[in-house]
Structures are given as C-alpha cells and as structure tokens.
Amino acid sequence: MSTTITLDAKSEKRLEKLVAATGKSKDFYLKEILKEGLEDVEYSYLPDEPEEKKTPAKSVRAKSIKSAALKKPKFTEAEEDYIMDQARAAWKAGDRKKYRELGKLLPIPPSLADNFKRNFGLAVLVDGGFDLSEAVEEFGEEWLDE
C-alpha cells in the first residue's frame with residue numbers, strides 16, 4: 001500500500017540525517033516509526049471499549065469513577081522502585097503495552113492528575129485505568145465529580 005505524507009522541515013532534516021548516518025532508506029525508517037508509534041496513537045485515540053458498552057447514566061458513571069479511583073493497591077517504596085525498573089526495561093525493549101500497564105499501577109501525582117483532568121477530562125484518566133488515589137487523598141472525593 002502506498003501513502004504520501006508531508007513532513008515539516010525539521011522532521012525531514014532529522015530523517016535525512018538518520019538515512020545518511022546509517023545507509024538505510026527513508027521508507028525503512030518511516031515504517032519503523034509507524035510500527036513503533038502506531039500502538040501509542042491507538043492507545044491515545046481509540047477507546048478501551050466501544051462507546052455503546054459504556055454506561056450512559058451519570059450517577060452510575062460517577063460511582064464507577066469513585067470505585068475505580070479508590071480501589072488501587074498501595075505499594076511500598078521498594079515495590080514502586082521494582083515496578084519502575086520493570087517499566088524502564090519494557091520501554092527499552094520496545095514493549096509499550098507492558099510499559100503502560102506497569103505505569104498504571106503507580107499513582108499519578110495529584111498536580112499532574114488535576115492538570116490532565118482540566119485539560120482532557122476525568123474520563124480520560126478513569127477510562128485509561130490510571131491510579132488517582134493520591135489525587136483523591138489530596139483533593140477529596142468531590143474531585144472525582146465531573
């Protein structure tokens with residue numbers, strides 16, 4: 001399948017530098033970029049489940065949000081360090097799926113969670129399965145109300 005894209009000048013220069021340094025083709029690198037990045041783009045833009053399966057009732061949704069945010073396990077510092085080491089290893093190995101799964105085990109810092117909530121909405125955080133327990137501890141359960 002053939003597809004045409006237009007790169008900005010900076011990206012084009014970076015790609016050309018890579019091609020010149022390695023002798024591999026632009027086509028090779030564009031395929032690599034697509035292969036490596038497509039999963040991240042799918043993760044960002046595709047819902048975890050079809051919209052029709054999601055419960056439309058706001059009160060039920062609010063209860064499930066609170067339930068999901070408050071049911072996260074607490075880890076010791078050593079356990080958190082181990083999870084981070086495993087996440088780094090997954091990233092280096094190119095296993096983005098495992099990297100994201102491991103990252104979701106640890107709580108998002110409250111300021112970051114609040115910033116995401118303001119910019120993208122609480123549903124993005126909850127549907128993504130992120131640990132919001134520290135944000136709830138800092139801001140209270142009412143923070144989970146949309």
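Visitor: What is the handedness of the crossing where α4 passes α5?

Guide: This is a predicted model, where local features need pLDDT of at least 70, side-chain atom pairs count only at pLDDT 80 or more, and totals for chains, interfaces and linings use all residues. Numbering starts from 1 along each chain as its sequence is written, and side-chain values use heavy atoms, with hydrogens and water left out. A crossing is left-handed if the near helix is turned anticlockwise from the far one by less than a right angle, and right-handed if clockwise. For α4 passing α5, that comes out left-handed.

Visitor: How do the axes of α4 and α5 run, roughly parallel or roughly antiparallel?

Guide: The axes (lines fitted to C-alpha atoms over the stretch in contact, with angles from 0 to 180 degrees between N-to-C directions) belong to α4, residues 77–92, and α5, residues 96–103; they come within 8 Å and cross at roughly 160°. Angles over 145 degrees count as roughly antiparallel, so α4 is to α5 roughly antiparallel.

Visitor: Which residue lies over the face of W91?

Guide: A charge sits over a ring if NZ of Lys or CZ of Arg is within 6 Å of the ring centre and within 35 degrees of the ring normal. At 3.7 Å from the ring centre of W91, the residue is R96.

Visitor: And which one lies over the face of F130?

Guide: Here the distance from the ring centre is 5.5 Å. The residue over F130 is K104.

Visitor: How many helices does the chain have?

Guide: Helices are DSSP runs of H or I, at least four residues, and strands are runs of E, at least two, numbered from the N terminus. There are zero strands, and the helix count is eight.

Notes: Parallel < 35°, antiparallel > 145°, perpendicular 65-115°, else oblique.
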